[in-house]
Amino acid sequence: MIRHLAGKVGGALVSLLFVVALGFLLFRVIPGDPVVAMTRGRPVTGDQLAELRARLGVDKPLDEQFVDYLTAALRGDFGTSYVYSRPVLELIGERLWPTVLLTGTSTVLAVVIGLWLGIRGAWRRGSRSDRVSTGLALAQWAMPTFWLGMLLSLATGDLFPSGGMRYPDTPPDFLSQAVDVAHHMVLPCLTMIAVVYAQYLLVMRSSLLEEMHADYLTTARAKGLRDDLVRRRHAVPNALLPTVTLVFLHLGLVVSGAITVETVFSWPGLGLLTYEALTGPDLPLLQGTFVVLAGAVITMNVFADLLYRVLDPRVRAS
Amino acid sequence: MSSLLELRDLSVHYRTARGEATAVRSVSLELEAGQTLGLAGESGCGKSTVAMSVLRLLPRNARVEGEVLLDGEDVQGMSWGRLRAVRWAAASVVFQGAMHALNPVHRVGEQIAEPMRLHGVTGSVSALLDQVELPARAARAYPHELSGGQKQRVMIAMALACEPRLVIADEPTTALDVVVQAQVLDVLKRLVSERGIGLVMISHDLSVLASTCDRLAVMRYGQVVEEGPAREVIASPTHPHTQALAAAFPTVGDPASRHVTPSEAPSDGPVLLRASGVRVSFGATEAVAGVDLEVRAGEIVALVGQSGSGKTTLARTLLGLQRPTAGRVLFEGVGLPRSASGLRAYRRQVQLVLQDPTSALNPRHSVYEAVAEGLRIHRVPGDEAARVAEALSQAELRPPELFFPSLPHELSGGQRQRVVIAGALALGPRLLIADEPVASLDASVRGEILALLLRLRRELGLAALVITHDLGLAWTIADRVAVMYQGELVEQGTVEQVLLSPRHDYTRTLLAAVPHDQRSTRPNWTNSP
C-alpha cells in the first residue's frame with residue numbers, strides 16, 4: 001500500500017515538473033510583446049523600452065531565461081507579475097479561495113444532481129422522465145458557458161447581482177458577509193452546474209445501465225429484496241466506481257473550467273486572474289496560474305486513484 | 001398433499017423487436033421433496049428460462065402461460081409482497097457462473113447473511129460455510145479472492161441460508177475442473193439426502209446429471225423431448241437428441257468414443273516441439289517445475305490437469321509468450337529465438353487456439369478481417385483473399401465467401417471457433433496449441449470441432465497440443481497424454497496406457513472424479529469403487 005502510494009506521488013511529482021517546464025515554453029509561443037502591452041498609450045523611447053526589457057529579464061536569450069525561471073520555480077518563486085508588480089504566488093493565494101468556494105460548491109451540487117438523475121434515468125430507462133432529463137442535460141452541456149451566463153443574468157433581472165463577490169457597503173460581521181457572498185454566488189454557480197452536471201448524469205446512467213444486466217442483481221432479486229434495495233445496495237455501489245474517477249478528474253479540470261464563468265461574472269478568482277494575465281501577456285502570472293491549474297488536475301488524479309482503491313476491493317488486491 | 005414443485009403446461013414467450021419468440025413450450029414437470037430432478041439441454045433450449053420462471057425472475061419482456069405451483073401455490077398469481085416473501089425463503093437458486101452472480105464489492109459473508117436478515121431467519125454464516133466445507137474466515141473474503149470452486153460453494157451456502165425446501169441449481173459446476181466439480185456435486189448430493197430438500201439440477205452435461213439425479217428431463221427447442229428415471233434415460237435414450245447429448249460426453253475407456261486408431265499416430269515422426277527441463281517461477285511460486293515434453297509432427301498430445309496445475313503457463317512458455325526461468329524450448333531442434341522478429345517467425349509455425357471464441361474474436365471485425373489479420377501481421381505474400389478463403393474452407397466454413405462479411409455475433413458458437421481455427425490455419429502452421437478448444441461449446445458442436453482437428457491432422461499433417469481438464473476429450477482425440485500436477489508432469493504415455501492403466505495416484509484421482517454413468521462398465525481405477 002505504502003509502496004503504491006509512494007509510486008503514485010512520485011509519478012505525480014514528475015508530471016508536475018514537466019508541467020513547470022511546459023509552462024515556460026507554452027507562453028513564449030503566444031503572440032504579443034509584454035513590454036509593448038505594458039507601455040501602450042504612453043510615449044516611450046527605444047531606450048526606455050530596452051531598459052524595461054532588461055528589468056523584466058526578457059532581453060536575455062531564451063535558454064538563459066528558461067534556466068532562471070526553472071531554478072526560481074524549484075525554489076517556489078514564480079516571479080513578479082508585470083501588471084500588478086506583486087509576487088505571483090501572493091496573487092494566486094489571494095484568488096485561490098474564491099475559486100475553490102465557487103467551483104467546490106457548484107461541483108458538489110452538480111455531482112449530486114447528476115448522479116441522482118443518472119440513477120433515476122437508468123433505472124427507468126426510456127421512460128418519459130429519463131428522456132426529458134437526459135435531453136435537457138445534453139442541451140445544457142452543449143450551450144456555450146458565457147452565453148448561458150449572460151442569458152441567466154438577463155432572465156433573473158435584478159434578483160441576483162451579476163458581478164463581483166460582495167458589495168462594498170456590507171457590514172463586516174461574518175453572517176452578513178456570508179449572505180452577501182452567497183447572494184453573489186447564485187448566478188455563477190447556477191451557470192457552472194447547468195453546464196457540467198450532464199457529464200455526471202451521462203456517465204452514471206450508462207454505467208448503471210451496464211450493471212443493470214449483471215447477474216448479481218438477479219441474485220439480489222431472487223433473495224427477495226425490494227427493487228429500491230436492489231438498486232441502492234447492489235447496483236449503485238458498483239456503478240459508482242467508474243463515476244468516481246470521472247468526478248475527480250473533473251474536479252481538477254473544473255478550476256480551469258471556471259475561467260469563462262469567472263470572467264462573465266467578474267468573480268475575483270483564479271479564472272479571472274488567468275484571463276487578465278492572458279491579455280498582457282503577463283508571463284510570470286500566466287506561468288504561475290498554469291502550474292497551479294495543472295497541479296490541481298494532477299493532485300486530483302492521485303486522489304481518484306487512491307479513493308478507487310478504497311472503494312473497489314478488486315483494485316486493492318492487485 | 002401437493003408436490004414441492006409442479007410446472008403445468010408452462011410456456012414462456014419473449015417479446016422482441018422481431019416479434020414474439022417462444023423459449024419454453026408446454027413444459028410439465030413435477031418434483032417431490034428429497035428428490036433431484038435433472039434438466040438437460042444445450043444452450044438456448046429454454047432450461048434456464050424454466051428455472052427463472054419458478055421465482056418469477058424473468059425479464060420484463062417475457063410472457064408466461066401455464067402454472068408454476070410451489071407447494072401448491074401458483075407463483076404467477078402471487079402479489080409482489082408474497083412473492084418477495086417466497087423468494088429465497090421457500091425456494092432459492094444457485095446461479096450459473098458464481099463469478100458474476102456474486103456482487104464484487106461486498107464481502108461474501110455479508111451476501112450470505114443478507115437474505116437471512118431480510119427474511120428474519122436466525123442462523124450463522126460460519127455454520128453455512130461449514131456445510132459447504134469452507135472455513136469460517138472465508139466470510140471476510142471478497143468474491144475475487146476466492147477460486148471458482150470456492151465461489152460456487154459460497155453460492156450454495158447462500159442458497160441454503162433461509163433453509164428453503166427447494167433449491168434450483170443452474171449449471172452449478174460448469175467452468176469448474178473435474179476434481180472441484182466432483183466436490184461440489186458431493187456437497188449437493190449430501191444436502192439432498194440429509195435435509196430432504198428438493199433439487200432441480202440444470203446442466204448441459206448428461207454425465208453430471210446422471211451421477212446426481214433421480215429423474216431426468218431432456219429439453220430441446222423449449223420442449224421436453226424425453227423424461228424418465230435418470231438411469232433409464234441415460235442407459236437407453238429413445239430420442240435422438242438425448243443420444244447425441246450422451247455421445248458428446250465420451251466415457252473414458254469406451255471404444256466407441258475413441259476417434260483415433262493407434263496406427264494413425266506417427267510414433268516415429270520427427271520431434272517438432274520439445275521442452276526440456278522447463279521451469280517458470282513467479283517470485284517464490286514455481287508454476288512450471290521442470291517439464292520435459294515432446295510433440296512429434298502430426299501428433300495430437302493432450303496436456304491434462306486441474307486449474308492451477310501450471311498447464312496454461314507451460315503453453316505460454318511453449319509459444320514464447322513467457323520466458324522460462326530455466327530449461328529450453330526447442331522447435332525442430334533449434335532453441336526459441338529471443339528477438340521479436342525471430343519470435344514472430346516462430347509463431348507462424350505454432351499457432352494458438354483459445355478457449356472462448358467469443359472473447360477471442362474482436363466483435364467489430366468481420367470474419368475476413370479476423371482471418372486476414374495474421375496474414376497482414378506476418379506480411380504473407382500472395383493473394384490475401386484467396387488465402388483467407390482457403391483457410392475458411394479448411395475450417396469447414398463453406399462457401400467461404402459467404403462468411404467474409406459476417407460479424408462474430410451473427411455466427412453460432414461452433415462457427416466462431418471455426419473462424420478462430422481458420423485464423424490459425426491461414427498462416428500454414430505446423431502445430432496448433434489449443435487451450436480448452438471445446439470447453440465453451442455446446443455438446444453437439446464439440447464433436448464437430450474435434451472431428452475438424454482430426455481431419456486437419458490427417459490431411460495437413462498438423463500436430464496439436466490440446467490443453468484440457470476434460471479427460472473425455474483426451475480420450476476422444478489424443479495420441480498421447482501428459483498429466484500435469486503442481487507444475488510437474490507426473491505421468492506421460494499413450495492414451496491407452498495413461499487413461500486405462502494409470503500408474504500415478506493423481507491420474508487415478510482425476511479419473512475417479514469424472515462423473516460417470518451406467519452406460520459402460522468402468523475399468524477399476526481406484527481401490528474403493
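In the predicted model, the axes of helix α6 (residues 148-160) of chain B and helix α7 (residues 178-195) of chain B come within 10 Å and cross at roughly 15°. Because angles under 35 degrees count as roughly parallel, α6(B) is described as roughly parallel to α7(B). The crossing of these two helices, α6(B) and α7(B), is right-handed. On the side of α6(B), the contact is made by B:G148, B:G149, B:Q152, B:R153, B:I156 and B:L160, while α7(B) contributes B:V180, B:Q183, B:V184, B:V187, B:L188 and B:L191. When the residues of this contact between α6(B) and α7(B) are sorted by class, 7 are nonpolar, 4 are polar and 1 is charged.

Turning to chain A, its secondary structure consists of 13 helices and 0 strands, so that, by the way in which such elements are assigned, the order of elements from the N terminus is written as α-α-α-α-α-α-α-α-α-α-α-α-α. Taken along the principal axes, the C-alpha atoms of chain A fill a box of roughly 85 × 55 × 40 Å. Chain A has 318 residues, of which 35% count as buried.

A:A37 is found in helix α2 (residues 34-38) of chain A, and 14 other C-beta atoms lie within 10 Å of its own. A residue is buried if this count is 20 or more and exposed if it is 12 or fewer, and A:A37 is therefore partly exposed. In sequence, A:A37 and A:V83 are 46 residues apart, whereas in space the two residues are 9.7 Å apart, C-alpha to C-alpha.

The two chains also meet, with 18 residues of chain A in contact with 24 residues of chain B. On the side of chain A that touches chain B, the elements that give two or more residues are α9 (215-222), α10 (227-264) and α13 (313-317) of chain A. The largest share of this side of chain A, 6 residues, comes from α9(A). By class, the side of chain A that touches chain B has 7 nonpolar, 5 polar and 6 charged residues.

Methods. Residues numbered from 1 in each chain as written. Chains lettered and ligands numbered in written order. Predicted model: local features only at pLDDT ≥ 70, side-chain atom pairs only at ≥ 80, totals over all residues. Contact = placed C-beta atoms within 7 Å. Helix = DSSP H or I, 4+ residues; strand = E, 2+ residues; numbered from the N terminus. Nonpolar A, V, L, I, M, F, W, Y, C, P; charged D, E, K, R; others polar. Axes fitted to C-alpha atoms, helices over the stretch in contact; angles between N-to-C directions. Parallel < 35°, antiparallel > 145°, perpendicular 65-115°, else oblique. Left-handed = near helix turned anticlockwise from the far one by under 90°.
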